[in-house]
Amino acid sequence: APRTDLTMGQQLEPPHLDPTSAAAGAIDAVTYANIFEGLTRFASDGSIIPGLAESWEISDDGLEYTFKLAEGVKFHDGTDFDAEDVKFSLDRARAEDSANAQKGLFEGITEVTVVDPQTVKVTLAAPNGSFLFNMAWGDAVIVAPESIETIKTNPVGTGAFRFENWVQGDSITLVKNPEYWGEPAKLEKVTFKFISDPTAAFAAVMAEDVQAFGAFPAPENLPQFDADPRFKVLVGSTEGETILAINNKLPPFDNVKVREAIAHAVNRQEVIDGAQFGYGTPIGTHFAPHHPDYVDLTGMSDHDPEKAKALLEEAGVSLPIQVKMTLPPPSYARRGGEIIAAALREIGIEPQIENVEWAQWLETTFRGKDFGLTIISHTEPMDIGIYANPDYYFQYDSAEFQGVMDQLNLETDEAKRSELLKQAQEIIAQDYVNAYLFQLPLLTVANAKIEGLWENAPTQAADMTGVYWTE
Amino acid sequence: MSLLEISGLDLDIHGTPILRDVSFSVDPGRIVGVIGESGSGKSMTAFTVMQLLPNGAEAAGSVRLSGHEMLGLPEAELCRLRGNEVGMVFQEPMTALNPIRTIGDQVAETILIHEDVPKAEAMKRAREALNRVELPADRFPLSRYPHELSGGQRQRVVIAMAIALRPKLLIADEPTTALDVTTQAQILALLTRLVREDGMGMLMITHDLAVVSDMADEIVIMQHGRVVERGACPGIFSNLTHPYSKALLAASSHVPERVERAGQAPLLEVRGVIRDYTLPRKTLFGAPVKVHAVRGVSFTLERGESLGLVGESGCGKSTLTRAILGLEEVQEGDIRLDGEPVFDGHRANRDVRRRMQVVFQDPYGSFNPRHKVSRLVTEPFHLLDDPPRGAARAAAIDEALISVGMRPSDKEKYIHEFSGGQRQRIAIARALIIKPDLIILDEAVSALDVQVRAQILDLLADLSAKFGLTYLFISHDLSVVRSITDRVMVMKSGEIVEEGPTDRVFDAPSHPYTRQLIEAAPKLPETA
Amino acid sequence: MSDPRVDHIPPEATPFRTWHLAFRSRNLVIGSVLTLVFVAAALISFVWTPYDISKLAISEKMQVPSWSHWMGTDHFGRDILSMIMVGARTSIAVAVVAVGIGMLFGVPLGLWAAARRGSMLDEVIMRANDLVFAFPSLLIAIMITATFGPSAVNAIIAIGIFNIPVFARLTRSGALSLWQRDFILAARVSGKSSARISFEHILPNVTNLLIVQGTIQFSLGILAEAGLSYVGLGAQPPVPSWGRMLADSQTMISIAPHMAIFPGLAILLTVLGLNLMGDGLRDIFDPKLRRSRA
Amino acid sequence: MLRYTLKRLVSLAVSLAVASVVIFLAIEVLPGDPAAYMLGVNAQEDTLAALREQLGLNMSGWERYSSWILGLLQGDFGTSYTYRTPVADMIAERVKVSLPLAVYALVLSTVIAFPAGIYAASRRGRPGDVAIMGVTQLGVAIPNFWFAMLMVLVFSINLRWFSAGGFPGWDAGVLACLKALTLPAIALALPQASILARVMRSSLLDTLSEDFVRTARAKGLTRAQALRRHALRNALIPVLTIIGLQFSFLLAGAIIIENVFFLPGLGRLIFQSISSRDLVVVESVVMLLVFAVVVVNFAVEIAYALVDPRLRAGR
Ligand SMILES: Nc1ncnc2c1ncn2[C@@H]1O[C@H](COP(=O)(O)OP(=O)(O)OP(=O)(O)O)[C@@H](O)[C@H]1O
Ligand SMILES: Nc1ncnc2c1ncn2[C@@H]1O[C@H](COP(=O)(O)OP(=O)(O)OP(=O)(O)O)[C@@H](O)[C@H]1O
Ligand SMILES: [Mg+2]
Ligand SMILES: [Mg+2]
């Protein structure tokens, strides 16, 4: 009989196991769909499918969503799942003192009412085209009031797996939930093992200490796995647009010519080859290439150092330009930073590299806006809206773009929405807000006999419910 | 047949010749004394007998110990003989014992190594051995550790170890050099007794003629790795033939020619000086322990006089010296030079200090090895408000060096280029350079070979006559003190117990302690 | 009397004897040669390196050693030999300055404590030293660099701080035994102040100790710098550093082992050279060892 | 001895107090806001404020210091910002890895170093000695993380004898755990063993040249007997000092090796906590390590007294 246990490697260990009160993606990676479920959920292709809500009705004005809940659902502790739990979870997330990291997802909700144990009605203040999408996030999963006290260390959900054990600093073990309401999981036991060091990750996969590794951190090692019949490599896509962000308020980068010069100085392919060992799709704007509305604008920022130099001359800035370049820990940033810095030096921009930890990056770069350049992958799905916020860390302030976004939020017609999205992509590409590098790939290494792993990552998750061994 | 028969022994260490054609023998029940200056090969001869030579040593000739030819004997055989047939006592009692094992253990080990006896039996015999060296059970249980014993007591333990198996031969390599005179006398008496009682043969090594002259049956004199003279004792002393032996004997009993000068005016006055050291408390609530190093010493030193201070080790001589030099404040009492206090408030009085200088015991440790002689001897200039410069300075250096019998050209050398005697001359030159009134000599000749010592004593006498110097001469060696001082003080446990003209004190000591000291001092045989 | 010369012979200073001994010491010769090679590499790198390491050539990445690239190229296509030469500069600079800081503060502290031996001041200095020793050094270095941002300067400070007590202790213990010597007493008789004695007599006589310990600390400094750079807290790119080269090569060790082997060897050989040199110097300076060698 | 012990204890307490202030100050100035880190890029101002309040980050420095110290004195290490669990539990969990690793490495190092050092000393200057000393020179000079990398390459990736890292937890059985700790322990032990062997050798050579060893030989002990019975224990004192230093180093300094082998030990806990600005954890762990070092040094001094009767009686 085929094996029924699996050790899944992942780089980061969750700080705790409550997806509704922290931003850490590692929490979702372990709990999403495995332990906790929401009203809706993402399928592996990114589409929204029913979760705990079997079906739903939307009122004509788009303000009321009535969810019909699945029947016979029990939490892992044996308590029943019903509409009260939904109300509790949503109210908790949008409460005044909520610690939900994505509180914005719930902002439009004015009321959650229990119609009957199997039905719940959510009222919105204004129509919201992405409400069902929002409810699929890991931050919107349904939790039970009975077990909320201990959720961080002993999460109790409705999913196909139950939390079993946590060896801190090493691994978390889940076991199959025999009373699962839906299609039962094929694996009996899943262990998530946390290996932050890329070398160690490589060694662990090679030594078969882990049978699969999601978001494998060292692309340089993939050819070796590819060549080894024991393994297979899944190259998918994430929602992460990797960009060289530019502080648009910091002179001389407030000059679009300077930004354009930067964009032309960077050799995208070299960055992808050098930092990602060839894995990654070039992008010319802040939009995921796998999205149907994506426009390929890479041509607007071809590698052309001569043009870059000319642009700088036109801009009339005095060279060399000294600028601080902060780089967060991931290797795309650290390696990409070195490559880009070398390229910028060619045209007379002298970046001072400063490697920082995430906490420091958040504080000084993201919140303090104390930077000139930085490299970062924006992994939230459909996040072009951040360019409408003039306070966002790269401080792009364009009335034109903000107007497009306002229109988009009110628009429900798909064709028109698509048109507006394309327009938005073009505006930011023309304004050279940032230098757009590539779409971050999702690289998964797994034993060749494992099937059912997600290839893409519409959200950070390691959905184990459909995973099985072929022999 | 002799117990130990050394004939035609040659020894090289890494090709350097150490011993050449050494021959002598030791018979049972007899004591053979080996004497000679430092480095003459005495110890190496002993180590050759034990076959405990340093790496790279090659011996040729013959060393027979009760019939065994020691050279070339297999190691296992040698181990059987060592400790069993031949025992050895070393010079330095402070380090000859393993500090972390009890004395009982260490004595019993000799027995356990050689005889297959139970531990208890060995301990019983260790006890007996310790009793024989006069370490009685009630005061010295087997469970004592070496650090709980004095130097003399440790040396007894080493002797007990060496004689535990009643070896036929006992080798004692300078067994008393590190001890003070009274202890030395006791240990020598003990060794003599053991030899006579057990009929052992003993090879007694020393650099001090006097030490062996009254105990040895036969004397071997060595120089530069050769035996220059041997003969029965004490007869040998009256008809020495080799020039070196003659010089050695002469130097040992040398008395410098000096003009006695009675004091006219008091130069140094010491009144009721007390110096205590507070030791860290041993128990939590106990009062801090005080060592009374100097307890109420008073004396006067007349100008031009040479005053001796004798006493056994630790009696407070050096402490007193430091107080006089103003290096340490005293708790009570008053020290004045020419009426001026040495301490001015809590600071040393520079005016007084520049009129005193000192010469220390160790000629090797009293110079900064990194400075040239010219810099070393001019260090006291620091005390002057207006030290000579340029040519005057060079002249002063030359003068000081010449006055101690060195050449002016020596000032360009480093101190390691000089022998011990020369270094001591340079130390004296350093003391002389600021023309002090008083020179304190703290064991200034104790570390020197007899011949060198004789030269330095002559020099001191000479200088005193020339410059009218006043000396405070500190030593534990009575014969030296006798030869160079006008007046002598005897110190015991921080107090002066007797004081008077040197000859009077030595010829008719009044205090029992003085008598004891004089008794204990080894004496050379009277030679006509 | 046993020969007191032997135990009291202070380190002898004649140039001839020292050189003669120096050449007889195998450790010293090998150690100095290794050290010189790396110092020379660092110096030459100021004027010439085989390739320009500021230029990346991604298309030539991870080439194995060949005639054109003796040690191959790294993941950005830079010449590893050139990187190691320039990296030597970083290692040496960090270690030298860190040891310098240690000596600059540690030696006077040690001299001062010894001059006031047994006093409250001595106690305070020594306790403070113990305290610094009690901190896990690597962690503190990590904290310092995390606090003030990773950089070569902060790495220097972090390493330097832990050198202070090393030199303070060494100086104090060397000085304490010197203070017992008669020649110090002689200097005191000459009315010299303890500060003056400390600098005129004590310091020159502990320099041998300091030089020996200095080479050891220097090698430890290089190891520490490598460790800090390895965890990303040392010199920042584009300045090359051996530790970071190792960190960069880590994930590629199975495909491009040369990227890990050469910087590792560079660290190993430099540290080895310094240690051998330290041992050799100790043999020469320490008469006790010298005697037993003869 | 009692007074001496008490005196040492007082100065120990003072040291710890000073250390706590230093640690607290050093960590408080770390840039980075724990709350911001936890909530990520989309967090809203009010959420952040609520979290800061919850974590007690709005209190003044003095208040936080005193509550931290008071807690420590009562054995309460505080609550982790990110994990929201008691720091004491987290430390206990990590100590279960770090302590065995340190002990394992120390045992390895001692087991290798003692015979090597003794052998080298007894054959001083001969080929055996030269070879051992050469190897130890290499061992001292090799960066241990590089050595660890090479070992992983050979033993885990190529030969697949050991797993490349990780720790199965003591529930998985002692053997499995020891196996997981073997490569890290070797990587840690190699330089330590080299240092220890060198110290052992030179200390032994020093004692072998002491007079009492000559006395022992004069009694008829063979070279080996004299070494075993007289030199060895005396030579142990400097060796003990080094062992003490090494143990504290192994406990705290394994941080890089823990990273290479992804072991959930104290070092990695600190590293993680620094990067997530989990200040309470950093403070408490560093404090604990300082405490451990001080206690180990104290223990070493007591051990001296056991070896050396002069110290037992004196002071
Ligand atoms: N381990 C050694 N290696 C080389 N030469 C040595 C060694 N030990 C002693 N010597 C040399 O051998 C010679 C004789 O030394 P030895 O110790 O026998 O002299 P000694 O007469 O006992 O002198 P002392 O009265 O100072 O003890 C000296 O020149 C000395 O330098
Ligand atoms: N710094 C000190 N602290 C404590 N005790 C001391 C100190 N210096 C000397 N003593 C003690 O004072 C006493 C006298 O010592 P001092 O050195 O004056 O003796 P000494 O007569 O010169 O002996 P030696 O002939 O051995 O030189 C000794 O018991 C010694 O232990
Ligand atoms: Mg001798
Ligand atoms: Mg004295």
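Trainee: How many salt bridges are there between chain B and chain D?
Mentor: First, this is a predicted model, so local features need pLDDT of at least 70, side-chain atom pairs count only at pLDDT 80 or more, and totals for chains, interfaces and linings use all residues. Residues are numbered from 1 along each chain as its sequence is written, chains are lettered from A and ligands numbered from 1 in the order in which they are written, and side-chain values use heavy atoms, leaving out hydrogens and water. A salt bridge is a side-chain nitrogen of Lys or Arg within 4 Å of a carboxyl oxygen of Asp or Glu. B:Glu75 makes one with D:Arg217, their closest N and O atoms 3.3 Å apart, and the count between chain B and chain D is 3.

Trainee: Which helix gives the most to the side of chain B that touches chain D?
Mentor: Helices (H or I, at least four residues) and strands (E, at least two) are DSSP runs, numbered from the N terminus. Elements giving two or more residues to that side include helix H1 (42-50) and helix H2 (75-81) of chain B. The top contributor, with 5 residues, is H3(B).

Trainee: And ligand 2: how far is a polar side-chain atom of B:Ser318 from an oxygen atom of ligand 2?
Mentor: Backbone N or O atoms come in too: B:Cys315 has one 3.1 Å from a ligand 2 oxygen, and B:Gly316 has one at 2.9 Å. For the polar side-chain atom of B:Ser318, the distance to a ligand 2 oxygen is 2.7 Å.

Definitions and conventions
A polar contact is a pair of N or O atoms within 3.5 Å; within protein, one must be able to donate a hydrogen and the other to accept it, and residues adjacent in sequence count only if both atoms are side-chain atoms.
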